[in-house]
Amino acid sequence: MDSAPRLRIDPASTVPVVRQITDSLRVLFVEGRLAAGTALPSVRRVAMELGVHFNTVAEAYRILAAEGWLEVKQGRGAVLVARTAPALASEAWREDFRSRLRALLAQMRAQGVPAARLAAELRGVAKEVTRT
Amino acid sequence: MRLVLCAVSVFIGGLLYAVPNMTRREILFAVPLPPDFRDRSEGREAISAFRTTIAVVVLACVGLLLFLPARLLGAIAAAMPLAIVLAAGISFYQQYRKLAPAAVQFKRLREAELTAQPERLPWFAWLAAGPFVILGAAAWYLHLSWSRIPARFPVHWGANGQPNRWAERTTRGVYGPLFFAAELCTWLLVMALAGWFGSRRSPWRSVVLGLLVTVQYLMGVVFALISVQALLGLPVWVIALLPIAVLIPVITITINKMSQPSGPPDPTPNECWKGAIFYYNPNDAVLFVEKRAGFGYTFNFANPWCWVLLGGLALVIASAPFIVA
(Lines give C-alpha, C1' and ligand atoms only; values in the text may rest on other atoms or scores of the structure.)
Protein backbone atom coordinates (compact mmCIF):
# COMPACT_ATOMS: atom_id res chain seq x y z
CA MET A 1 0.00 0.00 0.00
CA ASP A 2 1.36 3.44 -0.95
CA SER A 3 2.03 5.66 2.04
CA ALA A 4 0.66 9.20 2.08
CA PRO A 5 2.87 11.86 0.47
CA ARG A 6 5.06 13.79 2.89
CA LEU A 7 5.63 17.49 3.21
CA ARG A 8 9.26 18.39 3.95
CA ILE A 9 10.80 21.64 5.14
CA ASP A 10 14.20 22.77 6.29
CA PRO A 11 13.86 25.36 9.09
CA ALA A 12 17.56 26.22 8.65
CA SER A 13 17.00 27.26 5.02
CA THR A 14 17.03 30.91 4.03
CA VAL A 15 13.72 30.35 2.22
CA PRO A 16 10.83 31.38 4.51
CA VAL A 17 8.96 28.38 5.94
CA VAL A 18 5.60 29.57 4.60
CA ARG A 19 7.07 29.55 1.08
CA GLN A 20 8.63 26.14 1.58
CA ILE A 21 5.22 24.76 2.57
CA THR A 22 3.32 26.38 -0.31
CA ASP A 23 5.99 25.35 -2.84
CA SER A 24 6.11 21.74 -1.62
CA LEU A 25 2.32 21.39 -1.61
CA ARG A 26 2.00 23.00 -5.03
CA VAL A 27 4.52 20.51 -6.46
CA LEU A 28 2.47 17.63 -5.02
CA PHE A 29 -0.74 19.10 -6.49
CA VAL A 30 0.75 19.78 -9.93
CA GLU A 31 2.34 16.33 -10.12
CA GLY A 32 -1.00 14.80 -9.27
CA ARG A 33 0.29 13.03 -6.17
CA LEU A 34 -2.69 14.39 -4.29
CA ALA A 35 -6.03 14.05 -6.06
CA ALA A 36 -8.97 16.45 -5.99
CA GLY A 37 -11.16 15.74 -2.97
CA THR A 38 -8.22 14.74 -0.77
CA ALA A 39 -8.49 16.20 2.70
CA LEU A 40 -5.28 17.69 4.03
CA PRO A 41 -4.32 17.28 7.68
CA SER A 42 -5.42 20.04 10.01
CA VAL A 43 -3.35 23.20 10.40
CA ARG A 44 -2.67 22.16 14.01
CA ARG A 45 -1.32 18.72 13.11
CA VAL A 46 0.89 19.98 10.25
CA ALA A 47 2.24 22.82 12.43
CA MET A 48 3.08 20.38 15.23
CA GLU A 49 4.80 17.90 12.92
CA LEU A 50 6.84 20.61 11.20
CA GLY A 51 7.66 22.43 14.45
CA VAL A 52 6.30 25.75 13.24
CA HIS A 53 3.61 28.18 14.37
CA PHE A 54 -0.05 27.51 13.50
CA ASN A 55 -0.22 30.83 11.65
CA THR A 56 2.57 29.78 9.28
CA VAL A 57 0.64 26.73 8.08
CA ALA A 58 -2.66 28.62 8.04
CA GLU A 59 -1.04 31.28 5.85
CA ALA A 60 0.28 28.62 3.44
CA TYR A 61 -3.19 27.08 3.19
CA ARG A 62 -4.69 30.54 2.57
CA ILE A 63 -2.21 31.25 -0.25
CA LEU A 64 -3.02 27.92 -1.92
CA ALA A 65 -6.74 28.57 -1.44
CA ALA A 66 -6.31 31.95 -3.15
CA GLU A 67 -4.59 30.17 -6.04
CA GLY A 68 -7.63 27.91 -6.33
CA TRP A 69 -6.03 24.69 -5.11
CA LEU A 70 -7.73 24.36 -1.75
CA GLU A 71 -11.07 24.93 -0.17
CA VAL A 72 -10.50 25.94 3.43
CA LYS A 73 -13.43 25.65 5.80
CA GLN A 74 -13.26 27.03 9.28
CA GLY A 75 -12.85 24.16 11.72
CA ARG A 76 -13.13 21.51 8.99
CA GLY A 77 -9.62 21.59 7.53
CA ALA A 78 -8.67 22.00 3.90
CA VAL A 79 -9.72 19.95 0.89
CA LEU A 80 -7.97 19.83 -2.45
CA VAL A 81 -10.35 20.92 -5.19
CA ALA A 82 -10.45 20.25 -8.93
CA ARG A 83 -8.78 23.32 -10.35
CA THR A 84 -9.24 24.61 -13.84
CA ALA A 85 -6.04 26.07 -15.25
CA PRO A 86 -6.19 29.88 -15.42
CA ALA A 87 -5.84 31.72 -18.69
CA LEU A 88 -2.30 31.78 -20.07
CA ALA A 89 -0.13 33.93 -17.87
CA SER A 90 0.69 37.41 -19.09
CA GLU A 91 3.97 38.27 -20.82
CA ALA A 92 5.08 40.25 -17.73
CA TRP A 93 4.52 37.24 -15.51
CA ARG A 94 6.44 34.97 -17.90
CA GLU A 95 9.31 37.45 -17.98
CA ASP A 96 9.36 37.42 -14.18
CA PHE A 97 9.41 33.61 -14.23
CA ARG A 98 12.32 33.59 -16.74
CA SER A 99 14.22 36.07 -14.60
CA ARG A 100 13.77 33.92 -11.47
CA LEU A 101 14.81 30.78 -13.34
CA ARG A 102 17.94 32.52 -14.64
CA ALA A 103 18.76 33.72 -11.13
CA LEU A 104 18.41 30.16 -9.81
CA LEU A 105 20.61 28.79 -12.59
CA ALA A 106 23.24 31.46 -11.90
CA GLN A 107 23.15 30.51 -8.24
CA MET A 108 23.69 26.84 -9.11
CA ARG A 109 26.58 27.74 -11.45
CA ALA A 110 28.10 29.86 -8.70
CA GLN A 111 27.89 26.81 -6.43
CA GLY A 112 30.05 24.93 -8.95
CA VAL A 113 27.39 22.85 -10.72
CA PRO A 114 28.64 22.24 -14.30
CA ALA A 115 26.54 23.61 -17.14
CA ALA A 116 26.07 20.13 -18.65
CA ARG A 117 24.72 18.82 -15.36
CA LEU A 118 22.32 21.77 -15.07
CA ALA A 119 21.08 21.21 -18.60
CA ALA A 120 20.50 17.52 -17.81
CA GLU A 121 18.57 18.47 -14.65
CA LEU A 122 16.42 20.91 -16.62
CA ARG A 123 15.70 18.29 -19.28
CA GLY A 124 14.66 15.87 -16.52
CA VAL A 125 12.34 18.43 -14.99
CA ALA A 126 10.92 19.32 -18.42
CA LYS A 127 10.18 15.66 -19.04
CA GLU A 128 8.32 15.40 -15.73
CA VAL A 129 6.37 18.58 -16.47
CA THR A 130 5.20 17.36 -19.87
CA ARG A 131 4.18 14.02 -18.37
CA THR A 132 1.77 15.59 -15.84
CA MET B 1 12.60 0.88 59.55
CA ARG B 2 16.22 2.00 59.17
CA LEU B 3 16.66 -0.67 56.51
CA VAL B 4 13.57 0.50 54.62
CA LEU B 5 14.89 4.07 54.63
CA CYS B 6 18.27 2.83 53.44
CA ALA B 7 16.53 0.85 50.69
CA VAL B 8 14.63 3.98 49.61
CA SER B 9 17.88 6.01 49.52
CA VAL B 10 19.67 3.31 47.50
CA PHE B 11 16.67 3.04 45.17
CA ILE B 12 16.59 6.79 44.50
CA GLY B 13 20.37 6.77 44.05
CA GLY B 14 20.08 3.81 41.66
CA LEU B 15 17.44 5.62 39.60
CA LEU B 16 19.63 8.71 39.32
CA TYR B 17 22.70 6.59 38.63
CA ALA B 18 20.88 5.30 35.54
CA VAL B 19 20.02 8.79 34.24
CA PRO B 20 22.83 8.89 31.61
CA ASN B 21 21.37 5.65 30.16
CA MET B 22 17.86 7.03 30.11
CA THR B 23 18.37 9.23 27.07
CA ARG B 24 19.23 8.53 23.47
CA ARG B 25 22.86 7.79 22.72
CA GLU B 26 23.07 11.12 20.87
CA ILE B 27 22.21 13.06 24.04
CA LEU B 28 24.32 13.19 27.18
CA PHE B 29 23.48 15.45 30.12
CA ALA B 30 20.92 17.25 27.93
CA VAL B 31 23.57 18.10 25.34
CA PRO B 32 23.13 16.78 21.77
CA LEU B 33 26.41 15.15 20.78
CA PRO B 34 27.77 12.78 18.15
CA PRO B 35 26.54 9.20 18.88
CA ASP B 36 30.08 7.95 19.62
CA PHE B 37 30.75 10.70 22.17
CA ARG B 38 29.86 8.42 25.10
CA ASP B 39 32.67 6.09 24.14
CA ARG B 40 35.24 8.88 24.01
CA SER B 41 37.27 9.77 27.09
CA GLU B 42 35.34 13.07 27.61
CA GLY B 43 32.03 11.22 27.59
CA ARG B 44 33.22 8.50 29.94
CA GLU B 45 34.71 11.06 32.32
CA ALA B 46 31.47 13.05 32.46
CA ILE B 47 29.39 9.94 33.23
CA SER B 48 31.90 8.76 35.80
CA ALA B 49 31.99 12.15 37.60
CA PHE B 50 28.19 12.25 37.76
CA ARG B 51 27.92 8.71 39.11
CA THR B 52 30.70 9.16 41.63
CA THR B 53 28.87 12.15 43.12
CA ILE B 54 25.68 10.12 43.50
CA ALA B 55 27.50 7.12 44.97
CA VAL B 56 29.28 9.28 47.57
CA VAL B 57 26.07 11.06 48.64
CA VAL B 58 24.07 7.80 48.82
CA LEU B 59 26.78 6.15 50.92
CA ALA B 60 26.85 9.16 53.25
CA CYS B 61 23.05 9.01 53.60
CA VAL B 62 23.06 5.28 54.31
CA GLY B 63 25.79 5.80 56.92
CA LEU B 64 23.75 8.52 58.63
CA LEU B 65 20.57 6.43 58.54
CA LEU B 66 22.31 3.43 60.06
CA PHE B 67 24.21 5.15 62.82
CA LEU B 68 22.16 8.22 63.81
CA PRO B 69 20.30 8.06 67.14
CA ALA B 70 16.66 7.05 66.71
CA ARG B 71 15.35 10.43 67.95
CA LEU B 72 17.01 12.22 64.98
CA LEU B 73 15.87 9.67 62.43
CA GLY B 74 12.45 11.22 61.77
CA ALA B 75 13.90 14.66 61.06
CA ILE B 76 16.66 13.43 58.80
CA ALA B 77 14.68 10.77 56.91
CA ALA B 78 12.86 13.25 54.69
CA ALA B 79 16.07 15.19 54.02
CA MET B 80 17.96 12.17 52.67
CA PRO B 81 16.11 11.74 49.33
CA LEU B 82 16.17 15.51 48.83
CA ALA B 83 19.94 15.60 49.42
CA ILE B 84 20.50 12.81 46.88
CA VAL B 85 18.28 14.46 44.26
CA LEU B 86 19.88 17.87 44.87
CA ALA B 87 23.42 16.48 44.58
CA ALA B 88 22.47 14.68 41.37
CA GLY B 89 20.87 17.87 39.99
CA ILE B 90 23.94 19.96 40.70
CA SER B 91 26.28 17.34 39.24
CA PHE B 92 24.04 17.00 36.16
CA TYR B 93 24.11 20.75 35.58
CA GLN B 94 27.91 20.84 36.00
CA GLN B 95 28.32 18.14 33.34
CA TYR B 96 25.84 19.96 31.09
CA ARG B 97 27.90 23.14 31.32
CA LYS B 98 31.09 21.21 30.66
CA LEU B 99 29.74 19.43 27.56
CA ALA B 100 27.67 22.31 26.12
CA PRO B 101 30.54 23.72 23.98
CA ALA B 102 30.71 20.37 22.13
CA ALA B 103 26.97 20.42 21.27
CA VAL B 104 25.88 19.65 17.73
CA GLN B 105 22.56 20.65 16.14
CA PHE B 106 20.42 17.70 15.11
CA LYS B 107 19.52 17.62 11.45
CA ARG B 108 16.74 20.15 11.16
CA LEU B 109 14.78 18.68 8.22
CA ARG B 110 11.19 18.09 9.24
CA GLU B 111 8.36 16.32 7.53
CA ALA B 112 4.65 15.81 7.94
CA GLU B 113 2.56 13.01 6.52
CA LEU B 114 -0.22 14.47 4.39
CA THR B 115 -3.04 12.36 5.70
CA ALA B 116 -6.21 13.55 7.36
CA GLN B 117 -6.78 10.18 9.03
CA PRO B 118 -7.94 10.76 12.60
CA GLU B 119 -5.40 9.85 15.23
CA ARG B 120 -6.39 6.75 17.15
CA LEU B 121 -5.30 6.09 20.68
CA PRO B 122 -3.58 2.75 21.31
CA TRP B 123 -5.84 0.00 22.68
CA PHE B 124 -4.30 0.16 26.16
CA ALA B 125 -5.47 3.75 26.61
CA TRP B 126 -8.78 2.24 27.75
CA LEU B 127 -6.95 0.66 30.70
CA ALA B 128 -6.81 4.19 32.15
CA ALA B 129 -10.32 3.50 33.44
CA GLY B 130 -8.91 0.77 35.72
CA PRO B 131 -7.64 3.00 38.56
CA PHE B 132 -11.07 4.64 38.83
CA VAL B 133 -12.63 1.17 39.10
CA ILE B 134 -10.12 0.26 41.85
CA LEU B 135 -10.89 3.45 43.78
CA GLY B 136 -14.61 2.91 43.30
CA ALA B 137 -14.30 -0.68 44.54
CA ALA B 138 -12.41 0.49 47.63
CA ALA B 139 -15.11 3.10 48.32
CA TRP B 140 -17.82 0.45 47.92
CA TYR B 141 -15.99 -1.92 50.28
CA LEU B 142 -15.66 0.86 52.87
CA HIS B 143 -19.34 1.68 52.48
CA LEU B 144 -20.32 -1.95 53.08
CA SER B 145 -17.93 -2.26 56.06
CA TRP B 146 -18.75 1.11 57.58
CA SER B 147 -19.61 -0.27 61.01
CA ARG B 148 -16.28 -2.13 61.23
CA ILE B 149 -14.16 0.97 60.54
CA PRO B 150 -12.54 2.14 63.82
CA ALA B 151 -13.70 5.53 65.13
CA ARG B 152 -10.12 6.78 64.65
CA PHE B 153 -7.66 5.18 62.26
CA PRO B 154 -4.15 5.97 60.88
CA VAL B 155 -3.78 7.48 57.40
CA HIS B 156 -0.13 8.55 57.46
CA TRP B 157 3.01 6.96 58.81
CA GLY B 158 6.39 8.43 59.74
CA ALA B 159 9.81 7.27 58.65
CA ASN B 160 9.92 4.99 61.70
CA GLY B 161 6.82 3.16 60.49
CA GLN B 162 4.63 4.54 63.27
CA PRO B 163 1.39 6.35 62.44
CA ASN B 164 1.60 10.11 62.80
CA ARG B 165 -1.74 11.25 61.39
CA TRP B 166 -5.19 9.89 62.00
CA ALA B 167 -8.62 10.36 60.50
CA GLU B 168 -12.03 9.89 62.03
CA ARG B 169 -14.86 7.79 60.75
CA THR B 170 -16.58 10.55 58.83
CA THR B 171 -17.43 10.78 55.14
CA ARG B 172 -14.45 13.08 54.61
CA GLY B 173 -12.11 11.01 56.74
CA VAL B 174 -12.97 7.70 55.07
CA TYR B 175 -13.52 8.70 51.44
CA GLY B 176 -11.23 11.78 51.30
CA PRO B 177 -8.04 9.93 50.23
CA LEU B 178 -9.98 8.06 47.55
CA PHE B 179 -11.47 11.26 46.19
CA PHE B 180 -8.05 12.92 46.18
CA ALA B 181 -6.59 9.91 44.33
CA ALA B 182 -9.43 10.17 41.79
CA GLU B 183 -8.46 13.82 41.24
CA LEU B 184 -4.83 12.85 40.72
CA CYS B 185 -5.76 10.05 38.32
CA THR B 186 -8.00 12.44 36.35
CA TRP B 187 -5.12 14.88 36.03
CA LEU B 188 -2.80 12.07 34.90
CA LEU B 189 -5.40 10.98 32.34
CA VAL B 190 -5.65 14.52 30.98
CA MET B 191 -1.83 14.65 30.80
CA ALA B 192 -1.75 11.31 28.97
CA LEU B 193 -4.30 12.51 26.40
CA ALA B 194 -2.59 15.90 26.03
CA GLY B 195 0.71 14.08 25.55
CA TRP B 196 -0.77 11.93 22.81
CA PHE B 197 -2.56 14.65 20.89
CA GLY B 198 -0.15 17.51 21.67
CA SER B 199 3.13 15.97 20.56
CA ARG B 200 4.69 14.98 17.26
CA ARG B 201 4.11 11.48 15.93
CA SER B 202 6.84 9.27 17.32
CA PRO B 203 7.20 5.72 18.70
CA TRP B 204 7.73 7.21 22.17
CA ARG B 205 4.22 8.59 22.33
CA SER B 206 2.68 5.21 23.11
CA VAL B 207 5.47 4.38 25.60
CA VAL B 208 4.86 7.64 27.48
CA LEU B 209 1.11 7.03 27.42
CA GLY B 210 1.72 3.56 28.87
CA LEU B 211 3.94 5.02 31.60
CA LEU B 212 1.30 7.55 32.63
CA VAL B 213 -1.36 4.83 32.79
CA THR B 214 1.04 2.79 34.98
CA VAL B 215 1.51 5.76 37.33
CA GLN B 216 -2.29 6.11 37.44
CA TYR B 217 -2.58 2.49 38.57
CA LEU B 218 0.15 3.02 41.14
CA MET B 219 -1.71 6.02 42.59
CA GLY B 220 -5.04 4.20 42.53
CA VAL B 221 -3.69 1.08 44.27
CA VAL B 222 -1.62 2.95 46.90
CA PHE B 223 -4.50 5.22 47.91
CA ALA B 224 -6.98 2.33 47.87
CA LEU B 225 -4.67 0.34 50.18
CA ILE B 226 -4.23 3.32 52.53
CA SER B 227 -8.00 3.69 52.70
CA VAL B 228 -8.69 0.06 53.57
CA GLN B 229 -5.59 -0.38 55.76
CA ALA B 230 -7.56 0.13 58.96
CA LEU B 231 -9.94 -2.70 58.00
CA LEU B 232 -7.44 -5.18 56.58
CA GLY B 233 -4.51 -4.39 58.88
CA LEU B 234 -2.00 -4.43 56.01
CA PRO B 235 1.65 -3.95 57.04
CA VAL B 236 2.78 -0.41 56.25
CA TRP B 237 5.92 -1.60 54.50
CA VAL B 238 3.75 -3.23 51.82
CA ILE B 239 2.29 0.18 50.94
CA ALA B 240 5.72 1.87 51.20
CA LEU B 241 7.52 -0.64 49.00
CA LEU B 242 4.77 -1.04 46.39
CA PRO B 243 5.90 2.00 44.35
CA ILE B 244 9.45 0.63 44.29
CA ALA B 245 8.22 -2.81 43.23
CA VAL B 246 6.27 -1.24 40.35
CA LEU B 247 8.89 1.30 39.30
CA ILE B 248 11.85 -1.12 39.09
CA PRO B 249 10.42 -3.15 36.17
CA VAL B 250 9.04 0.01 34.54
CA ILE B 251 12.44 1.70 34.66
CA THR B 252 14.17 -1.46 33.45
CA ILE B 253 11.82 -1.73 30.47
CA THR B 254 12.27 1.98 29.76
CA ILE B 255 16.07 1.74 29.75
CA ASN B 256 15.84 -1.32 27.56
CA LYS B 257 13.60 0.49 25.08
CA MET B 258 15.85 3.55 25.08
CA SER B 259 18.85 1.43 24.14
CA GLN B 260 17.04 0.02 21.10
CA PRO B 261 17.48 1.77 17.76
CA SER B 262 14.64 4.18 17.28
CA GLY B 263 13.51 7.01 15.04
CA PRO B 264 15.59 10.14 14.68
CA PRO B 265 15.73 12.52 17.65
CA ASP B 266 13.31 15.41 17.84
CA PRO B 267 15.26 18.17 16.05
CA THR B 268 14.34 20.95 18.46
CA PRO B 269 16.61 24.00 18.08
CA ASN B 270 19.42 24.03 20.67
CA GLU B 271 18.87 27.72 21.37
CA CYS B 272 15.32 27.03 22.62
CA TRP B 273 16.53 24.85 25.50
CA LYS B 274 17.03 26.91 28.64
CA GLY B 275 19.00 25.60 31.61
CA ALA B 276 19.27 22.12 30.06
CA ILE B 277 15.69 21.07 30.78
CA PHE B 278 13.24 23.85 29.81
CA TYR B 279 12.03 24.12 26.22
CA TYR B 280 10.61 27.50 25.21
CA ASN B 281 9.79 28.01 21.55
CA PRO B 282 6.85 30.28 20.68
CA ASN B 283 7.29 29.37 17.00
CA ASP B 284 6.68 25.66 17.64
CA ALA B 285 2.99 24.71 17.84
CA VAL B 286 3.66 21.56 19.81
CA LEU B 287 2.69 21.24 23.50
CA PHE B 288 5.10 18.44 24.41
CA VAL B 289 8.58 17.73 23.04
CA GLU B 290 10.97 14.88 23.58
CA LYS B 291 13.10 15.49 26.67
CA ARG B 292 16.81 16.00 26.46
CA ALA B 293 17.31 15.01 30.09
CA GLY B 294 15.81 11.67 31.05
CA PHE B 295 13.11 9.82 29.22
CA GLY B 296 9.74 11.02 27.97
CA TYR B 297 8.31 14.39 27.13
CA THR B 298 8.50 17.85 28.59
CA PHE B 299 6.39 20.95 28.07
CA ASN B 300 6.96 23.59 25.45
CA PHE B 301 6.65 26.37 28.01
CA ALA B 302 5.76 28.84 25.26
CA ASN B 303 2.48 26.98 24.69
CA PRO B 304 -0.22 28.49 26.95
CA TRP B 305 -1.89 25.07 27.40
CA CYS B 306 1.08 23.92 29.47
CA TRP B 307 0.15 26.52 32.10
CA VAL B 308 -3.43 25.23 32.10
CA LEU B 309 -2.14 21.70 32.82
CA LEU B 310 0.31 22.88 35.49
CA GLY B 311 -2.46 25.03 37.00
CA GLY B 312 -4.64 21.90 37.11
CA LEU B 313 -1.95 20.07 39.08
CA ALA B 314 -1.61 23.04 41.44
CA LEU B 315 -5.38 22.96 42.01
CA VAL B 316 -5.30 19.22 42.72
CA ILE B 317 -2.52 19.69 45.28
CA ALA B 318 -4.16 22.77 46.81
CA SER B 319 -7.43 20.88 47.20
CA ALA B 320 -5.82 18.17 49.36
CA PRO B 321 -6.29 19.90 52.74
CA PHE B 322 -9.98 20.46 51.97
CA ILE B 323 -10.60 16.90 50.80
CA VAL B 324 -8.43 14.77 53.04
CA ALA B 325 -9.24 15.02 56.72
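Q: What makes chain B count as divided into domains, and where do the bounds fall?
A: The bounds come from an automatic or database domain assignment, which gives domain 1 (1-104) and domain 2 (132-325) in chain B. This is a predicted model: local features need pLDDT of at least 70, side-chain atom pairs count only at pLDDT 80 or more, and totals for chains, interfaces and linings use all residues. Residues are numbered from 1 along each chain as its sequence is written, while chains are lettered from A and ligands numbered from 1 in the order in which they are written.

Q: How many residues of each domain of chain B are in the contact, and what makes two residues "in contact"?
A: Their C-beta atoms, placed from the backbone, have to lie within 7 Å. Domain 1 of chain B puts in 21 residues and domain 2 of chain B 19. The C-alpha centres of the two domains lie 23 Å apart.

Q: Which helix of chain B gives the most to the side of domain 1 that touches domain 2?
A: That's H1(B), with 4 residues. Helices here are DSSP runs (H or I, at least four residues), numbered from the N terminus.

Q: Why is H1(B) called roughly antiparallel to H2(B)?
A: Helix H1 (residues 2-17) and helix H2 (residues 41-67) of chain B pack at about 175 degrees, axes 9 Å apart. Angles run from 0 to 180 degrees between N-to-C directions, with axes fitted to C-alpha atoms over the stretch in contact. Anything over 145 degrees counts as roughly antiparallel, so H1(B) gets that label against H2(B).

Note on methods
Helices (H or I, at least four residues) and strands (E, at least two) are DSSP runs, numbered from the N terminus. Angles under 35 degrees count as roughly parallel, over 145 as roughly antiparallel, 65 to 115 as roughly perpendicular and the rest as oblique.
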